[in-house]
Amino acid sequence: MIRLNINGQDRDVDVPPDMPLLWVLRDELNMTGTKFGCGIAQCGACTVHVDGVATRACQTPAESAVGTKITTIEGISGKAAEAIQAAWQKLDVVQCGYCQSGQIMSAVALLTDNHNPSDSDIDAAMDGNVCRCATYPRIRAAIKDAAKAMGA
Amino acid sequence: MLHHLIKQAAGDVAVPAEPVTASRRSFLKGAGAVGGGLVIGAMLPKAAFAAETKGPTIIGPADPRPQAFLRIAPDNTVTVLVKHLDKGQGIMTGLTTIVAEELDADWQQMRGAFAPADSTLYANHFFGIQGTGGSTAVANSWDELRMAGAAARAMLVATASARWNVPVSEITVEKGVVRHAKSNRTANFGALAEDAAKLPVPQKVALKDPKDYKLIGDPSLHRLDYVSKTNGTAIFAMDIRRPGQVTAVLARSPRFGGTVKSVDSAAAKQVPGVIDVLTLPVGVAVVAKNTWAAIKGREALKVEWDDAKAETRGTEEILADYRKLAEKQGNVAANKGDAAKALAGAAKVVEAEFVFPYLAHAPMEPLNATVELKPEGGCTIYAGSQFQGVEQKVAAAILGCKPEQVAIDTVWAGGSFGRRATPNADYIAEAVMIAKAYGKAPVHLVWTREDDIQGGRYRPLFLHKIKAGVDAQGKLVAWQQRIVGQSFMAGTPFEPVMIKNGVDETSVEGASDMAYAVPNLAVDLHTPVSPVTTLWWRSVGHTHTAYAKEVMIDELAAAAGKDPVAFRTELLKDSPRLLGVLKLAAEKADWSKPLPKGRARGVAVHESFDTFVAHVAEVSVNDKGQVKVERVVCAVDCGQAVNPNIIEAQISGGTGWGIGHALRDEITMTGGVVDQANFDTYQPLRNSEMPPVEVHILPSTVRPTGVGEPGVPTAAPAVANAVFAATGKRLHQLPFTKSGMV
């Protein structure tokens, strides 16, 4: 049995220790907001926060997350999260939407640490998150919009 | 072209010949041919409204087969039943907008739901079966949904008229409020719905004049999915969790056309969580408690494959074979004047060979579906279903039941780009086979990303050889084009209609129907066969024909000593809509203004799926010869713009799709085995690489056409032409890395 702290709650799961956090969330806990895209940390669809750091859940063995605080798209809150989700909605960023949980998790982590990200900051934080619909221009605009809203 | 031809294939499906008239008679007749009267409600399959408000509904006449497009609930919500798959292109929002407009609804009361699978009610009129593709959805639903909205509005007004005992002519409807101003009475739709449902569907309704549109064309409307897709609650097929369901992954032959020779499943069965290993005609399925166990189980599987009928060539060998084929005349796709003779007499002749690689669709949500067998026979399929009409038939054949016993619960699809619609329902068929063989619980079949990248159904590898000439005045006089590439229509139910005289329309569309005025045109086609599976890929034949045409025409402009926009303009005199977008894009991109050193522009213009698009790309080249796309300007004429906000997103996204793949993507094979496996080797465009894209929409009240695909064809050739302007280098082989571009 492995105990994980997810969105502020302790959850006990009976899984092999090497099962990636992604599948613990999706298959064991039915928290399907975190998405499977590639399985090799190349697309960012599975991004969650581990102790506040944007982390690819598909390459995070369950046992390595013991003792950390895990936050998923279902559990994000706070000023940065609210600003990012509001900006995403204001600008209608989404198309197919499958990557957007991960995009939002990366963007929230970015804004939490950096209230006024430059384009190159955005590149660095967001290049790990693939969007095959290429919603990138609106993602960039939404991050800037959210930063502005937070500063206001 | 694709959708027109498929429409012919359907044969027995009628669409109103006169699309927009004040009379609804023709519409109702047309609708009758696909099995319906109008509208809404009580008679609909329950599944469609599982998550919706309960209660009696309006306008459910005693028609045995209601053409069920909308329902108005007592809680005043209006739900539009959307028969097309929304895979990101925004069609749930688009079709809901069309109904809301004619209904004079308030946007806030509008909801959308995916229609159940039933081709008698929900056929795509271009296909004859229920399905989404070819950028047809808005064009297909434009008439029937405006009429559905207008009919429902008329019934609400008639109900208010009777209730208030006032003439219909004194009643107005605005933003969901039915009003009699004189007596200062109002009612919302929900309050009238139940009584309205008892009325007969009117035989005549007036449709709005486009100048009165309030919602159609409004750029401030939000997508219906803008909240659920930003908080993780939107449900995709990958998120379906049926009681007791198990997960399966399938081991498929590493070579296309290979079959299972022997299986050693002992080690796989030892993997904790693995439940069963099933050998099927399509491969070896590992059934497990969860996805991780299924993947680990497959890794432990030992399968020997029989390659007797498999493709064992690499892509280099395939291309060499194509070049040999291209030495000979193929089947004639277009022949006008005498191209050979005109070329012999041309003042300048330009020749080029273009190569386009196999490409994977790689939608963000890997293919997957859940299949639940019904005790009484048949099944329910939970999927981002794009070809419901085909999938029902395929599943029924596997299960030995009737197609109507196959229910499909369509959910949001995480992208498709063509991949989810296959003429043999490939991944759905796999899921049904596994569910049937396992038999004990609902089965969720999951493709991993490796399965996706290596699993075929690629945009075919194509070779084009073009020879074209201008006369002494720089006028285009001849164009000769030979095309070599596989057909994905051959061997499918679409073959008899799509392949005529040995020419697959989808291989030559955009080439055989050459838009530029040229008196002597010859296009021919070779269609080699390979076990490598291929498929339509966002914008289909135009992915390669537009590129070859637009790069070639640029070379001819250079040969003629003419400006690329001016040269195209001369040749498009009789194509006003192409000319319109070309002019607008050139203007907005400041085409005539000089650029600083190291920067250059390129242009491309093309029609696909009845939509007209021009791109102007601006690139910079640094000291090392590295090219960066700095700015892209795009003009689109898709007729009446229903949702400008979504059109902008689709054309911008299509631009990223076109440029992203052109930069570096290709599927190659060595000895028949695919070299790429995941996003580390098949590298998607990333945020920092996406250029700013400006989209300009031509104002129009012409019937609307699609935008999902038409943003793709001109994006890459505009960049290639800009690279030529900057460096003098022509990019004839894709991806650009194969043409020596860094």
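**Strands, helices and domains of chains A and B**

Q: Which residue stands opposite B:Asn335 in S22(B)?
A: In S22(B), B:Ala522 stands opposite B:Asn335. The model is predicted: local features need pLDDT of at least 70 and side-chain atom pairs count only at pLDDT 80 or more, while totals for chains, interfaces and linings use all residues. Residues are numbered from 1 along each chain as its sequence is written, and chains are lettered from A and ligands numbered from 1 in the order in which they are written.

Q: What makes S12(B) and strand S22 of chain B a pair?
A: Two strands pair if DSSP finds at least two bridges between them. Five bridges join S12(B) to strand S22 (residues 520–526) of chain B, so the two count as paired. They run antiparallel. The strands themselves are DSSP runs of E with at least two residues, and helices are runs of H or I with at least four, each numbered from the N terminus.

Q: Why are S12 and S13 of chain B called edge strands?
A: Five strands of chain B form an open sheet in the order S12-S22-S19-S18-S13, with mixed pairing. Strand S12 (331–336) and strand S13 (348–356) of chain B each pair on one side only, and these are the edge strands. From one strand to the next, the twist averages 10°.

Q: What lies across S13, S18, S19 and S22 of chain B, and at what angle to S18(B)?
A: Helix H9 (residues 315–325) of chain B lies across S13, strand S18 (462–470), strand S19 (476–485) and S22, and runs at about 40° to S18(B). Such angles run from 0 to 180 degrees between the N-to-C directions of lines fitted to C-alpha atoms, for helices over the stretch in contact.

Q: Why is one side of S23 and of S28 of chain B left without a neighbour in the sheet?
A: The open sheet of four strands in chain B has the order S23-S24-S25-S28 and mixed pairing. Strand S23 (599–608) and strand S28 (693–697) stand at its edges with a single partner strand each, so one side of each has no neighbour in the sheet. The average twist from one strand to the next is 15°.

Q: How do you know that S25(B) and S28(B) are paired?
A: Strand S25 (residues 627–637) of chain B is joined to S28(B) by five bridges, and the two run parallel. Opposite B:Ala635 stands B:His696 in S28(B). Helix H20 (residues 715–727) of chain B lies across S23, strand S24 (611–621) and S25, at about 150° to S23(B).

Q: Why is H3(B) called largely enclosed?
A: A residue is buried if 20 or more other C-beta atoms, placed from the backbone, lie within 10 Å of its own, exposed if 12 or fewer do, and partly exposed in between. In H3(B), 13 of the 13 residues are buried, so the rest of the structure largely encloses this helix. Just after H3(B), B:Asp104 takes a positive phi of about 55°.

Q: How do you know that the length of H3(A) agrees with its number of residues?
A: The expected span of a helix is 1.5 Å times one less than its number of residues. Helix H3 (residues 100–113) of chain A has 14 residues, which should span 20 Å, and its end C-alpha atoms are 20 Å apart, so the two agree.

Q: What covers the buried residues of H3(A)?
A: Twelve of the 14 residues of H3(A) are buried, so this helix too is largely enclosed by the rest of the structure. Among them are A:Gln100, A:Ile104 and A:Leu111. The cover includes S3, S4, helix H2 (79–90), helix H4 (119–126) and helix H5 (136–151) of chain A.

Q: How many residues of domain 1 of chain A are in contact with domain 2 of chain A?
A: The domain assignment, automatic or from a database, gives domain 1 (2–75) and domain 2 (79–151) of chain A. Residues are in contact if their C-beta atoms, placed from the backbone, lie within 7 Å. By this rule, 15 residues of domain 1 touch twelve residues of domain 2. The largest share of the domain 1 side, three residues, comes from S3(A).

Q: What makes up the side of chain B that touches chain A?
A: The contact takes 49 residues from chain B and 43 residues from chain A. Helix H19 (644–664) of chain B is one of the elements that supply at least two residues of the chain B side, and its seven residues are the largest share. By class, that side has 20 nonpolar, 19 polar and ten charged residues. Here Ala, Val, Leu, Ile, Met, Phe, Trp, Tyr, Cys and Pro count as nonpolar, Asp, Glu, Lys and Arg as charged, and the others, Gly among them, as polar.

Definitions and conventions:
Contact = placed C-beta atoms within 7 Å.
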